Structures are given as structure tokens and as C-alpha cells.
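Me: I have a chain open and want to go through it with you. Can we start with a single residue?

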Amino acid sequence: MALNRRGGGAEPDEGVVARVSSSIQQSPIFQKGREAASATAACGLKLLRSTGKAAWIAGTTFLVLVVPLIIEMDREQQMNELEMQQASLLGAPSSMMPQPK
């Protein structure tokens, strides 16, 4: 323990800010606020992890199921356009050409 500047007493030499900070940190309201913030942060992390897992599942499902379907639909459209172009070059009657969907 350091001696007080004014009188040489045995009290510790603390500043005003340190004493106020210490008393605030020891208050029950501060402790409850700290616990609430900690619980909120833990809940946020769990939510973030589960959201990340759900996003991974949705993205993987999209890549496996939807992207091949889109590619196949595009190929079919290109084939239909090619057939229509070939039919017009060969002089097929317009009633024989398939109507675009």
C-alpha cells in the first residue's frame, strides 16, 4: 500500500476515475447487464452458425438440382432455335414450323 499524498495514511492511492469505475463494475445492474450481453452474444453466435449451415445446405441443393435443370433448358431452347433456322433455310412451309413457346 502506498502512502496518501496528504497525510501519510495507510489508504491506497487511487484516482477518482479508478474508484468510480470500480464501484460501477461492482454494482448489480452492471453485472446483470454484462450477463445479458454475454447471453445475447452466445445466442447470436449460435444463430450465425445455424444460418451458415442452412445457407450451405440451400446453396449445395441449388447447385446439385437447379443448375443442371437450367443448363438443360438452355440446351433445349438452342436446339429448338437451330431446328427452326434449319427449317427456314430448307424452305419448309411456315405452318410446319413449331411455334415458339
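Me: Is Val 64 buried or exposed?
Reply: Val 64 is exposed, at a relative accessible area of 55%; exposed means over 50%, buried under 20%, and partly exposed in between, with a 1.4 Å probe and protein chains only. This is a predicted model, where local features need pLDDT of at least 70, side-chain atom pairs count only at pLDDT 80 or more, and totals for chains, interfaces and linings use all residues. Residues are numbered from 1 along each chain as its sequence is written, and side-chain values use heavy atoms, leaving out hydrogens and water.

Me: Which helix holds Val 64?
Reply: Val 64 lies in H2, residues 28-90; helices are DSSP runs (H or I, at least four residues), numbered from the N terminus.

Me: What span should H2 have?
Reply: The 63 residues should span 93 Å, because the expected span is 1.5 Å times one less than the number of residues. The end C-alpha atoms of H2 are 90 Å apart, which agrees.

Me: What follows H2?
Reply: Gly 91, with a positive phi near 85 degrees.

Me: And how much of the chain is buried?
Reply: Buried residues are 1% of the 101.

Terms used
Helix = DSSP H or I, 4+ residues; strand = E, 2+ residues; numbered from the N terminus.
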